[in-house]
Amino acid sequence: MVCITAPIIRRLTICSLAIGFLIIGCNNKEGIKDKSYGDSLTIVTYHAPVDISPLTAVSGISSILLETIFDGLVRLDMDLKLRPHLATSWETSNEGLKWTFYLRKGVTFHDGVELTADDVKFTIEEFIRINLRSPFAGWTENIKSINIKDRYAIDIVLKKP
């Protein structure tokens, strides 16, 4: 009698999926088509995401989807260093209380409306308003004020550095 344990079954399943993806990928004779819309993303998971709103998400799979769907002012690179993303650059005051972010121009939402400092302020204020105790919202407790400098620049003033 052969006994197959759960870790072995998981490894076999992962290997089968990997081989399947390789076969599917190698079988594409037409190559990658240039499409601006219409594709879908399928993620296999043990459980379905509860939601995909950065304002209320608390599950692990939700956080994976958030990183796929939403952009932030900055991103961590492979060396865990902050890099510009929706912000082209930022400045910090000497005491570390005021952070000024300069937004990338020409970034649009799915409906074609351009991202501005008003949108950034609104989003941060929604995190504060909801006051959710999630890994995605805890950073808002240290915010003293948010001030729009111009269409593409915003100051975030902290209570402590």
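**View 1. Lys121 and Glu125 are joined by a salt bridge in this predicted model.** The two side chains meet at 3.8 Å, N to O. A salt bridge here is a side-chain nitrogen of Lys or Arg within 4 Å of a carboxyl oxygen of Asp or Glu. By this rule the count comes to four salt bridges. Both partners sit in helix 3, residues 117–130. Helices are DSSP runs of H or I with at least four residues, and strands are runs of E with at least two; both are numbered from the N terminus. Lys121 and Glu125 are four residues apart, so about one helical turn separates them. Lys121 is partly exposed, at 23% relative accessible area. Glu125 is partly exposed too, at 37%. Buried means under 20% relative accessible area, exposed means over 50%, and partly exposed lies in between (1.4 Å probe, protein chains only).

View 2. Glu126 counts as buried, at 16% relative accessibility. Arg129 is exposed, with a relative accessible area of 57%.

**View 3. Arg83 pairs with Asp77 in a salt bridge.** The closest N and O atoms are 2.8 Å apart. Arg83 is partly exposed, with a relative accessible area of 39%. Asp77 is partly exposed as well, at 21%. Asp77 lies in the loop between strand 1 (74–76) and strand 2 (82–84).

**View 4. The Asp77 side chain also has backbone nitrogens as neighbours.** The backbone nitrogen of Asp79 lies 2.8 Å from a polar atom of this side chain. For Lys81, the backbone nitrogen is 2.9 Å from a polar atom of the Asp77 side chain. A polar contact is a pair of N or O atoms within 3.5 Å; within protein, one must be able to donate a hydrogen and the other to accept it, and residues adjacent in sequence count only if both atoms are side-chain atoms.

**Notes to all views.** Residues are numbered from 1 along each chain as its sequence is written, and side-chain values use heavy atoms, with hydrogens and water left out. The model is predicted: local features need pLDDT of at least 70, side-chain atom pairs count only at pLDDT 80 or more, and totals for chains, interfaces and linings use all residues.
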